Amino acid sequence: MTRRPETLLVMAHDTMEVQFGEAELARLRATARLGEPLCTDELASARVRARLAEVEVLITSWGCPPLDDAVLRAAPNLRAVLHAAGSVRDHVGAAVFDRGLRVTTAADANAEPVAQYTLGAVLWAFKKVPFLAADARKFREDWRYRDQRGELSGRDRTVVLVGFSRVGRRVAALLRGLDIARVLVVDPVVGADEILAAGAEPAGLAEALPQADVLSLHAPSLPETRHLIGAAELAALPPGAVLINTARGALVDTAALEHACESDGLHAVLDVTEPEPLPAGSPLYDLPNVVLTPHIAGSLGSETRRMSAEAIGELERYAAGLPPRAPVTRHSLAVQA
């Protein structure tokens, strides 16, 4: 018989309201015991500490405080942390793994809208759509501007994916389905056979950059990936290339990017930046060859309920004594976003 573990939601209250509607709460109640408070955004008050003493499972999302030693001492029965969002890096650390807790992520579900955004950006990048749209406001009826942004073709192009992550793999699959572009993958961890099996080609960064009509970033933000794309890498891109960043702003040296977009004609579609948001004086705001969006590629609004469903599914598996579908380990967290 399936147990009904005592469960607490830990996240910002506005996040809970978006991610957990009546359908999600009904599914939770069918699987778990839910006390009061049902949801909290803090773990220090006496009321919440009394609740922590009972809980076996935390379902977390954006706004969860760090699960430090003090929190874990207050939760002696805690066995699982099931995250209804992507990265657990902000609230899960060594103390959680030292306790041997089950940790899961809904990052697979969050990868879907990011991959879809990226695909749209890639397809528009082939024909320079957003940049020509900006030009139209300046040149209006003088269509000679159409010939100033290089080749406007969606066929026989080369897309370089840096990082064969959850998102990178999905982007590669979407592009393979369209059969319009050659895809090179730069990832020092993933084996060549795995990349080839996905219909892409493995490559080193130095080898791939001069071939990139589009360079799309999907690597995690780690000390070794900080400013992975700097002045030398941007200079290696061919004229008219488009950089797309839906991963982490720290992957790109912002000063070098500003120079390349101002002086070298690089095009860029940036959903993430360093810092985020950019300061008001950044030249990137005013360049017609740069598109800035306010970190919208990941799950927003109703999209976030796909992640809630993943977390509830992990709860159901835990309650039934089944292994997790998307576990996070100490090792995997060290190499993932």
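Two strands count as paired if DSSP finds at least two bridges between them. Helices (H or I, at least four residues) and strands (E, at least two) are DSSP runs, numbered from the N terminus. By these rules, five strands form an open sheet with parallel pairing, in the order 2-1-3-4-5.

The model is predicted: local features need pLDDT of at least 70, side-chain atom pairs count only at pLDDT 80 or more, and totals for chains, interfaces and linings use all residues. Residues are numbered from 1 along each chain as its sequence is written, and side-chain values use heavy atoms, with hydrogens and water left out.

**The sheet**
- Strand 2 (33-40) and strand 5 (102-104) are the edge strands; each has a single partner strand, so one side of each lacks a neighbour in the sheet.
- On average, neighbouring strands of this sheet are turned by 15 degrees against each other, direction ignored.
- Strand 4 (residues 80-83) runs parallel to strand 5, and three bridges join them.
- Opposite Leu82 stands Thr104 in strand 5.

**A helix on the sheet**
- Helix 13 (residues 304-319) packs on the sheet and touches strand 1 (6-10), strand 3 (57-60), strand 4 and strand 5.
- Contact here means heavy atoms within 4.5 Å.
- The direction of helix 13 makes about 155 degrees with that of strand 4.
- Axes are lines fitted to C-alpha atoms, for helices over the stretch in contact, and angles run from 0 to 180 degrees between N-to-C directions.

**Helix 6**
- Helix 6 (residues 107-126) has 20 residues, which should span 28 Å at 1.5 Å a residue; its end C-alpha atoms are 28 Å apart, in agreement.
- The expected span is 1.5 Å times one less than the number of residues.
- Of its 20 residues, 14 are buried, so helix 6 is largely enclosed by the rest of the structure.
- Buried means under 20% relative accessible area, exposed over 50%, and partly exposed in between (1.4 Å probe, protein chains only).

**Cysteines**
- The structure holds zero disulfides (pairs of cysteine sulfur atoms within 2.5 Å).
- The closest cysteine sulfur to that of Cys39 is in Cys64, 9.8 Å away, which is too far for a bond.
- Cys39 counts as buried, at 9% relative accessibility.
- Cys261 also counts as buried, at 3%.

**Domains**
- The protein is divided into domain 1 (7-109 + 301-336) and domain 2 (111-292), with bounds from an automatic or database domain assignment.
- The C-alpha centres of domain 1 and domain 2 lie 34 Å apart.
- Eleven residues from domain 1 and eight residues from domain 2 take part in the contact.
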